[in-house]
Amino acid sequence: MTDIAALPPTRAGLHGNYLSAGHTVASWLFTTDHKRIAILYIASTTLFFFIGGAAATLIRIELFTPDSGILTADGYNRVFTLHGVIMVFFFLVPVVPSTLGNFLLPLMIGARDVAFPKINLLSWYLSIAGGALALYSLLAGGIDTGWTFYTPYSSIYSNSFVTATAAGIFVAGFGSIATGLNFIVTIHTLRARGMTWFRLPLFVWSLYATSLIMLLATPVLAMTMVLIIAERVFGIGVFDPERGGDPILFQHLFWFYSHPAVYIMILPGMGIVTEIITCFARRRVFGYEFMVYALIGIAVIGFFVWGHHMFVSGQSGYASLVFSFLSFLVAVPSAIKVFNWTATLYRGEITFPAPMLYALGFVGLFTLGGLTGLFLASLPVDIHVTQTYFVVAHFHYIMVGGMVSALFGGLHFWWPKITGKLYSDSFARFAAVLMFLGFNFTFFPQFILGYLGMPRRYHAYPPEFQVWNVLSSAGAVILAAAYLMPLGYFAWSFLWGERAGSNPWDATGLEWQTASPPPEHNFEAPPQVPEVPYDYHPGRESARD
Amino acid sequence: MNEFRFFPQAASSDAPQTDAIYFGLVIVSGAVVLVVATLIVVFAIRYRRGTRVGRGAASSLASREFEIGWTLATLLAFLGIFSWAAAQDFVQLRPPPPGALAIDVVAKQWMWKTQHPGGQSEINSLHIPAHQPVRLLMHSQDVIHSFFVPAFRVKKDIVPGHTEELWFEATTPGTYPLFCSEYCGTDHARMLGDIVVMAPQDYGRWLAGQPQGDDLAKAGEGLFRELGCSGCHGENARVRAPPLAGLFGRPVPLSDGRIVVADEAYIRDSILLPKKDIVAGYEAIMPSFSSRLDEGDLTKLVAYIRSLAAQGAGP
């Protein structure tokens with residue numbers, strides 16, 4: 001009959017959780033809680049995702065017919081540039097580290113917060129300021145250089161809002177750098193007792209590899225943007241040949257960032273998928289150490305392959321051979337990861353809720369995206385298909401088929417932890433299957449278009465390309481539905497969903513050992529880590545084998 | 001709308017090799033996708049929750065051997081594909097054969113200008129003979145463009161300020177699309193052309209039937225006098241400047257000790273950026289002509305100097 005006996009089973013109810021810690025706008029905008037900052041990022045990146053998605057919709061409508069349709073040439077050029085700039089710099093690069101990464105990293109290593117909570121909030125404001133500049137240039141009249149900003153078009157010839165956009169990317173870049181720094185320090189210094197390097201969940205390892213790239217590569221992008229602005233505004237000849245500059249220098253600088261950035265856009269997805277597959281196969285990850293080395297290997301070799309974007313630029317043919325060789329090399333660790341995910345299923349006890357379907361979809365789409373990367377690494381084939389829809393299809397398989405599938409898988413996996421609510425698994429599974437089918441329907445035809453020779457960035461095209469474009473546009477309708485569906489059932493779940501327990505998937509990992517949603521300070525008592533990660537089948541081997 | 005087409009026409013000597021590598025990669029990728037997909041489906045069915053199958057741990061030794069095995073296998077397979085593709089690329093890296101037909105290409109927003117050695121010029125089209133190597137010397141007047149002929153499987157960016165070379169040999173007469181494949185602004189999608197491949201005798205007839213444009217080199221000679229070049233480089237000049245007769249295609253010693261070959265790029269640079277390469281024994285007194293010449297004039301001047309190669313080729 002004591003008070004203690006009357007305690008509710010979850011302690012969160014007693015102490016409150018991070019969501020109930022404050023209800024004012026200020027309690028959100030000035031929070032330093034990594035979980036609340038993650039929610040801020042979820043709001044902002046979702047906004048950018050749907051702005052970029054609206055632009056993609058316009059592109060696919062325009063390309064339904066060979067002639068100029070709903071958009072003028074200039075209108076189309078602005079729309080595809082907007083799509084690329086928003087999706088790459090303001091959605092794909094920040095999205096997983098800043099949303100799921102921010103929310104989960106401290107929980108997964110048993111910390112109270114990231115190392116520098118105030119800098120964490122600063123990162124969000126920088127990304128918002130950068131995004132606002134980019135949106136300003138959109139509203140003021142748009143930008144028409146393509147997301148790659150090739151000079152001298154961007155620095156001299158374009159009559160659009162290049163400077164504001166470049167400034168936006170510059171500012172947002174510092175948000176990336178600060179996040180990378182924050183994560184690296186957090187992982188080095190704030191691990192719980194017993195959480196050794198080789199007990200880190202692979203999602204944490206993937207964030208570590210990603211943070212290294214963000215920290216080392218983003219400054220080069222920032223510098224490149226400054227040089228564009230310097231040439232455009234002050235007439236300092238850096239890239240313009242008429243003032244003694246070299247347009248190819250820009251491409252080296254740009255791709256020195258933007259190729260590693262491709263790995264920023266896939267490594268965290270690999271981490272998410274590993275968490276999901278192990279949980280629903282009830283199996284330890286196959287070859288944990290190799291998975292770690294593969295992540296680090298991709299991050300390191302990824303810095304030395306940028307020249308494969310420039311095989312037809314007039315770069316030395318011998319340099320191209322070296323870049324081709326290194327590009328084949330960087331594909332090896334990616335292949336290892338695919339084999340390991342597959343082998344993790346072996347002898348598992350597999351169930352197929354929505355996160356698992358997204359994760360398996362990721363493996364399929366990533367495999368196709370990775371294999372078509374080999375085509376682009378092979379010089380003679382690249383010469384034919386670079387600058388065509390083949391490249392468009394390839395990187396969408398990696399960045400959208402791969403990363404966005406992983407993101408959706410991760411959101412479905414950790415939704416009960418983040419909100420404390422359950423969602424409708426049947427709707428979610430339907431959306432996952434729809435996304436896989438719609439994605440292939442949209443982007444597979446583009447491989448064929450590319451080998452046929454249809455160049456990118458054409459608002460009008462010869463009629464012989466129409467069949468495949470119509471298929472692609474039709475697939476995009478399905479894909480759009482699959483992306484919109486979660487908005488509905490997630491909203492429903494948040495408002496009226498059943499309560500999730502602290503560990504609805506029966507998963508290992510420290511984040512599942514605290515309440516859902518977690519309390520403000522994450523853990524009531526400092527957690528301890530006695531075991532390797534993904535300890536899903538302890539002892540069973542002796543019982544059954 | 002037309003029928004489903006999976007494959008572009010092939011009309012150059014490069015196309016079969018590129019296609020062979022492409023098909024090789026399609027087969028390898030198809031096999032990998034098949035194996036991975038089959039394994040995932042089989043495991044997903046066999047090891048779904050509730051089935052009564054063995055689920056013991058594989059020994060850690062076996063797992064390590066698997067890892068090393070498939071890492072090495074993947075590495076070797078990738079190296080194999082790389083060497084195959086690179087060997088083909090080495091073939092494409094080789095310099096154009098000496099008898100190649102040299103054609104000047106100027107790209108600008110948003111059109112293609114081409115000019116044959118005899119001065120016949122075309123806009124947004126190019127007639128070439130089949131079975132003869134063709135060497136393009138390409139310049140851009142503004143931004144980066146890219147010369148892309150899908151049927152030939154060739155592509156090359158044309159970077160302003162650079163002289164870009166591309167050579168190929170067409171094999172099948174016909175008309176093939178030319179695209180600008182590097183985004184270049186508003187009408188990028190309208191920067192199209194036709195490559196008309198003709199049997200050699202038809203090409204000769206076509207050339208003869210063109211309006212007899214001023215021969216490129218002859219036009220260049222006129223400019224050479226008009227612009228005052230002959231005042232220094234001419235035979236009776238008072239200023240001491242390097243003689244141009246017999247210069248083209250020969251090595252030139254420079255004042256800083258380097259030796260360069262006087263090719264098109266060198267001649268262009270010497271006209272536009274005369275301070276860049278100073279010929280040994282001469283003073284750097286030539287002014288830059290970059291503000292007084294457009295791409296067309298430059299092409300004519302270079303053609304004129306090229307035509308002097310046969311003259312006075314003294315030691």
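**A walk through chain A**

Chain A has a mean pLDDT of 92, with 96% of its residues at 70 or more; pLDDT is the predictor's confidence in each residue, from 0 to 100. This is a predicted model, so to speak: local features need pLDDT of at least 70, side-chain atom pairs count only at 80 or more, and totals for chains, interfaces and linings use all residues. Residues are numbered from 1 along each chain as its sequence is written, and side-chain values use heavy atoms, without hydrogens and water.

Where pLDDT is low, the predicted coordinates should not be read in detail.

Now for the overall build. Chain A has 18 helices and 0 strands; these are DSSP runs, with helices (H or I) of at least four residues and strands (E) of at least two. Of the 545 residues in chain A, 65% are buried, meaning under 20% relative accessible area with a 1.4 Å probe and protein chains only (exposed is over 50%, partly exposed in between). Among contacts in chain A with a separation of 6 or more, 82% join residues 24 or more positions apart.

Finally, look at helix α17 of chain A, residues 466-496, where you'll find A:Phe494. Is A:Phe494 buried, partly exposed or exposed? A:Phe494 counts as partly exposed because its relative accessibility is 42%.

Definitions and conventions:
Chains are lettered from A and ligands numbered from 1 in the order in which they are written. Contact means heavy atoms within 4.5 Å.
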